[in-house]
Amino acid sequence: MAAGTCLSLLARATGDMIVQPVIPFIEANIKSPDWHSREAAVMAFGAILDGPDPAALETLVQQALPILLPMMQDSNVNVKDTTAYTIGCICDLMAQSLKAEPTLGNVIAVLIAGVEDKPRISANCSWSLMNLVDQLHGFDEGTTPPTGPLSPYYQGIVTALMKVTEKPTNEANYRTSAYEALGSYVTQAPMDALQSVSAITLTILARQEQLLQMQSELLGVEDRMNWNELQGNFCSILINVIRKLNNDIKPLTERIMINALNLIKSAGKHSTVLEDAFLLVGTMAAAIEHDMQPYIGPFLEPLLNAIQSTEDSQLCTVAVGVIGDICRALGEHAQAYAQGFMTTLFNTLQSQTLNRQVKISVLSCFGDIALAIGAGFVPFLEPTMNVLKQAGDLTADENDYDMIDYIQSLREGIIEAYVGIVTALKAGGKTDVVLAYVPSILDLLHRTLTDEDRTEALVKLGVGLIGDLADGYRNGEIRDALLQEWIVNSFKFKGRGYSPDTKKTLKWAKENVRAATNVQG
């Protein structure tokens with residue numbers, strides 16, 4: 001294994017040069033009667049796939065497949081395991097070489113048979129099938145084409161993977177690997193395979209409901225760990241389904257939300273399943289938007305409790321993210337929950353055990369809430385702006401590189417909050433209440449945009465916020481402030497190799513500043 005890893009690193013470093021010296025070793029050993037030699041040859045082939053130009057490997061892969069596929073029936077389990085892994089590498093790195101028939105059908109047939117093999121072989125075959133669909137379909141997010149190269153095989157692959165997920169154990173993570181592969185087949189399903197997605201969804205919901213009923217029967221740590229692992233897998237699949245179907249998931253909303261609520265009640269305060277359940281709720285909110293409102297009430301108490309679980313930073317971060325999801329989904333209807341959200345977030349910021357990375361998420365969330373409720377954010381404006389200013393005043397020693405990185409991330413979160421607040425109150429006709437805070441906002445932007453360690457993300461956010469302010473005060477209210485030299489210089493960043501999106505923001509902001517100051521540029 002160490003030698004294989006070393007060879008893989010060499011392949012990445014040397015590219016095409018690695019192929020010629022390795023091929024004679026593979027040819028000399030791949031049919032050896034000694035299984036050690038056969039396995040070494042297969043491992044060597046897999047190790048050199050990542051590095052050389054795929055075009056240089058095309059012929060080699062085509063020549064190797066008629067030898068590799070039968071080796072999935074080798075008498076030695078180690079050879080089979082390494083062969084499954086190598087086929088997975090081909091599916092990941094050279095998938096286009098497999099598209100032609102009968103090659104594609106032969107590969108899929110071998111992998112479907114392999115998922116029923118011993119656990120570690122099954123895990124690698126599931127991984128191979130996942131790579132295959134991710135690479136051959138790999139559709140742009142939000143698109144679902146009519147068909148895809150794997151469409152004729154979809155039902156057979158899904159059926160095989162679902163059979164593995166029924167297994168009672170998870171040795172070598174083979175059951176988890178099957179669930180992960182299923183997730184990819186949901187995400188990448190074309191229109192002619194959506195029936196398979198529907199079947200997966202109904203089966204997973206039924207399994208989830210059955211497992212929830214068994215919660216009281218768990219006897220020990222192993223039972224609980226198995227329960228948690230399965231529930232996590234169920235949530236992951238359902239999240240993929242919701243993202244795939246988006247608003248079309250509505251007919252199953254009540255069933256999914258009831259399961260999620262029961263899962264939260266059953267999970268315990270510090271279970272990773274809580275994170276999965278809240279992610280499921282947030283994903284559903286993003287999909288069905290305003291139709292989420294009837295389901296919010298029962299989740300409020302556990303959600304707010306999770307936010308205050310500052311000793312569990314991951315759970316706290318997820319819960320804060322769900323507040324953002326809910327606010328974006330409900331829009332102005334989030335006003336009914338704003339007081340509870342804001343109070344909890346303020347209290348969380350005061351906790352001595354709050355992880356500093358979570359603090360960034362909380363500050364950014366203020367912007368999400370403001371964008372949702374618009375002028376309804378005015379009662380929360382003063383305490384929010386005070387918190388943001390206090391956070392923005394934090395500095396780092398020039399030799400403390402970790403702190404410098406943190407300050408950059410912190411400023412991103414603060415500026416995101418400012419953008420949300422300014423945009424929301426501008427849309428709500430309340431720019432007058434923001435005016436008093438413009439100097440402190442510009443002070444932070446001045447320090448951020450003149451900082452040599454600034455990132456492109458900060459430049460885009462910061463200049464964008466200047467543009468928002470200029471757009472909100474077009475009658476000269478902040479004319480003098482916008483004419484400061486550092487702001488004028490901020491629009492000269494465009495020659496520094498920034499992305500087209502950042503350059504577009506720079507141009508937009510400059511036009512707004514020009515309009516707000518009547519400066520001839």
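Predicted model: local features only at pLDDT ≥ 70, side-chain atom pairs only at ≥ 80, totals over all residues.
Two residues are said to be in contact when heavy atoms of one lie within 4.5 Å of heavy atoms of the other. Leaving aside its neighbours within four places in sequence, F366 is in contact with M342, L345, F346, L349, F377, T384, V387, L388 and A417. F366 also stands out in the largest nonpolar core, which has 179 residues: together with I369 and F377, F366 touches the most other members. The helix that gives the most to this core is α19 (residues 401-427), with twelve residues. As background, nonpolar side chains in soluble globular proteins tend to be buried together.

Stepping back to the whole protein chain, its secondary structure comes to 25 helices and zero strands. A box of roughly 85 × 60 × 45 Å, taken along the principal axes, is filled by the C-alpha atoms. The chain has 521 residues, and 52% of them are buried. Sequence separation can be considered too: among contacts with a separation of 6 or more, 73% are between residues 24 or more positions apart.

How do the helices pack against each other? Two packed helices are described by the angle between their axes and the distance between the axes. Helix α17 (residues 356-373) packs against helix α18 (residues 378-392) at an angle of about 150 degrees, and their axes are 11 Å apart. Angles over 145 degrees count as roughly antiparallel, and α17 and α18 are therefore roughly antiparallel to each other. The crossing of α17 past α18 is left-handed.

The axes of α19 and α22 come within 10 Å and cross at roughly 25 degrees. Because angles under 35 degrees count as roughly parallel, α19 is roughly parallel to α22. Here, too, α19 passes α22 in a left-handed crossing. The α19 side of the contact consists of Q408, R411, E412, I415, E416, Y418, V419, V422, T423 and K426, and these meet A457, L458, L461, G462, L465, D468, L469, D471 and G472 in α22. By class, the contact of α19 with α22 divides into nine nonpolar, four polar and six charged residues.

T86 lies in helix α5 (residues 77-93). Is T86 buried or exposed? With a relative accessible area of 0%, T86 is buried, since buried means under 20%. Not counting residues up to four places away in sequence, T86 touches V42, F45, G46, L49 and L68.

I288 is also buried, with a relative accessible area of 3%, and it lies in helix α13 (residues 272-288). Leaving aside neighbours within four places in sequence, I288 is in contact with N247, I249, K250 and T253. I288 and M225, in turn, are 63 residues apart in sequence and 32 Å apart in space, C-alpha to C-alpha.

In the loop between α5 and α6 lies A100, which is partly exposed with a relative accessible area of 48%. A100 and P149 are 49 residues apart in sequence, and 9.3 Å separate them in space, C-alpha to C-alpha. P102 lies in the loop between α5 and α6 (103-114), and a cis peptide bond, with omega about 5 degrees, joins E101 and P102.

Positive phi values in residues other than glycine are worth a look as well. A172 has a phi near 55 degrees and is placed in the loop between α8 (154-165) and α9 (174-187). At 46% relative accessibility, A172 counts as partly exposed. N246 has a positive phi of about 55 degrees, although N246 is not a glycine. N246 lies in the loop between α11 (221-245) and α12 (253-267), and its relative accessible area of 40% makes N246 partly exposed.

Notes. Residues numbered from 1 in each chain as written. Heavy atoms only, no water. Axes fitted to C-alpha atoms, helices over the stretch in contact; angles between N-to-C directions. Helix = DSSP H or I, 4+ residues; strand = E, 2+ residues; numbered from the N terminus. Parallel < 35°, antiparallel > 145°, perpendicular 65-115°, else oblique. Left-handed = near helix turned anticlockwise from the far one by under 90°. Core = buried A, V, L, I, M, F, W, Y, C linked by side-chain atoms within 4.5 Å. Buried < 20%, exposed > 50% of the residue type's maximum accessible area, 1.4 Å probe, protein only. Nonpolar A, V, L, I, M, F, W, Y, C, P; charged D, E, K, R; others polar.
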